[in-house]
Protein chains: 2
Amino acid sequence: MEFELIERFRQRTPVYPCVRLGIGDDAAILDLSGQHGVVTVDVLMDGVDFVLSEIPPEKAGRKALAVNLSDLAAMAASPKACLVGMVLPRKGGERIAEKVYDGILGLAREYQVGVAGGDTNSWDGPLVLSVTAIGTPPPFGGIRRRGAKPGDRIVVTGEFGGSSLGKHLDFEPRVWEAIYLYRAYEIHAGIDVSDGLAADLAHILVESQCGAVIRAEKVPISMAALDLAKASRKGGKALDRALHDGEDFELILAVPPAETERMLQDQPLSVPLTDIGEFVAEKGLWLQTGEKRTVLEPKGFVHLFA
Amino acid sequence: MEFELIERFRQRTPVYPCVRLGIGDDAAILDLSGQHGVVTVDVLMDGVDFVLSEIPPEKAGRKALAVNLSDLAAMAASPKACLVGMVLPRKGGERIAEKVYDGILGLAREYQVGVAGGDTNSWDGPLVLSVTAIGTPPPFGGIRRRGAKPGDRIVVTGEFGGSSLGKHLDFEPRVWEAIYLYRAYEIHAGIDVSDGLAADLAHILVESQCGAVIRAEKVPISMAALDLAKASRKGGKALDRALHDGEDFELILAVPPAETERMLQDQPLSVPLTDIGEFVAEKGLWLQTGEKRTVLEPKGFVHLFA
């Protein structure tokens, strides 16, 4: 333990009421107001989730927290606190740590998330960041992957594809959006998009034991996906990017038809809500282009091992 | 995400009532019975905290959870759940992951800890394990580093030094011991020994704003420390090992004198309790050998950066 570094972290860490005991002891005590705690962890690595030599370290820190907040958003949970585990390169690690922490604190402040503790280490390898986020669920338990019903519409926030051009570092986790939508509308199931629109929709299908049809012409394609598709000089690729690129950190929601209509008329968010298709009884995932329906392989799945 | 791997993890994971929603969704929901949640994280790296080529991967997994349980023990908290973050070598990572998880589940079962979720990744680097443990504090808040008072005795569990010979992988976190002692005796402060007996005692001193004197002849020296000292053929080293080696994962407690007397007479644990000195008003840390008092430098501090 580098005591001075941790002490500096502590001094710079805002205090929130829910963190009864924060950085500087053996563990953190959280007051979750008698509610269930919602906890999630993500581990990000230099060279995989970001390239440290190409970005300010603040962005790596911000992303490490943001992906966790996106996980909480996918449950409509309210983020409360986080723990920050760092494995720092021995050379230059201290400077990196400070900047990473800046990035974490900046986003934490936006969402009133207390940094409740962590673990700081160094080694001869690349930067690894492990953030654990803790939140509280909304009344009635929040949004899960299970619960989509045949007939439900597939409603998404924002646009998809080309996240590697920048959004994967700068995205705004849909925390307030999810909490608002869950409060105002009936939502049967949901997930955030990290693996890809198709792949993460497939996660809902597995848990909900149903199928889905995506309408090709309805998928909101980002400018970044269009730019990348144009750069590669191949037609029709922008849609593929929107379906498979991943790291959009938008929400996919299963919403009953009448609620969807109300939601789309209201458009209550600053980010657009789009109906991109429907859940169906038959298991499987299809892409419908005009009248033609083809099987959609969720390519977003990353195979971990050689 | 390697869906099959996670699915296998899920199938092998015992279900406990406190994990309302476990592996397989975006985050875990914990029922902490209306109590405060206690959370802690530790990140362990191949080549630093264990050498994967020299041990069964199960031991790395066991250690990754055990160090977190030791942190909870240092608060007298009851462990309830954990999240497991893994960064696996791309080559052979799947086999390693299974064995690591075996080690985690084995220890988790002993302490009825639910694995509530996690994050599984791979890369071309070495194994990194990030475990987050969540528990509940005992009534009246539990043990902290702050609170030691001049006159309090320094009471320790077990023996110290030479942990690298094996104990650092096989140690039993002092979970039940801490909960029992906190219930049965007045304890002012405490910590678990990861950095070293002297270094971790120094953490209590910083937080409690006081000093301490360790009586050299009272320090319980482990057989491993004696063996290592003998092997190095230098006299007097076994005590140094006990003071500075670290990773003993025993408890250091600040206990009022009358309570200490009662505690040592009772010897209520299966592991010995020893009074190794006293807290004093003057800030500093000393080693007393007979009548001679020398300043004790807490060498256990590891400097993180080159």
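In this predicted model, the side chain of A:Glu250 makes a polar contact with the side chain of A:Arg174 at 2.8 Å. A second polar contact joins the side chain of A:Glu250 to that of A:Thr157, at 2.5 Å. The two pairs are set out below.

| Side chain | Partner side chain | Polar contact distance |
|---|---|---|
| A:Glu250 | A:Arg174 | 2.8 Å |
| A:Glu250 | A:Thr157 | 2.5 Å |

A:Glu250 lies in the loop between α8 (237-244) and β10 (251-255) of chain A. A:Glu250 counts as buried because its relative accessibility is 2%, against a cut-off of under 20%. Leaving aside residues up to four places away in sequence, the residues that A:Glu250 touches include A:Gly158, A:Glu159, A:Phe160 and A:Lys167, as well as A:Ile191, A:Asp192 and A:Val193.

Strand β10 belongs to an open sheet of seven strands in chain A, ordered β8-β10-β7-β11-β9-β12-β13, with mixed pairing. Its edge strands are β8 (189-192) and β13 (292-295), each of which pairs on one side only. From one strand to the next, the twist averages 25°. Strand β12 (residues 284-289) runs antiparallel to β13 of chain A, and four bridges join them. A:Trp286 has A:Val295, in β13 of chain A, as its bridge partner.

Chain A as a whole contains nine helices and 13 strands. Of its 306 residues, 64% are buried. Among contacts in chain A between residues at least 6 apart in sequence, 85% link residues at least 24 apart. The accessible surface of chain A is about 11,900 Å², with 52% belonging to carbon and sulfur atoms.

Technical notes:
Residues numbered from 1 in each chain as written. Chains lettered and ligands numbered in written order. Predicted model: local features only at pLDDT ≥ 70, side-chain atom pairs only at ≥ 80, totals over all residues. Heavy atoms only, no water. Pairing = 2+ DSSP bridges. Helix = DSSP H or I, 4+ residues; strand = E, 2+ residues; numbered from the N terminus. Axes fitted to C-alpha atoms, helices over the stretch in contact; angles between N-to-C directions. Buried < 20%, exposed > 50% of the residue type's maximum accessible area, 1.4 Å probe, protein only. Contact = heavy atoms within 4.5 Å. Areas by Shrake-Rupley, 256 points an atom, 1.4 Å probe, with all protein chains shown as cover. Polar contact = N/O pair within 3.5 Å; in protein donor to acceptor, adjacent residues only side chain to side chain.
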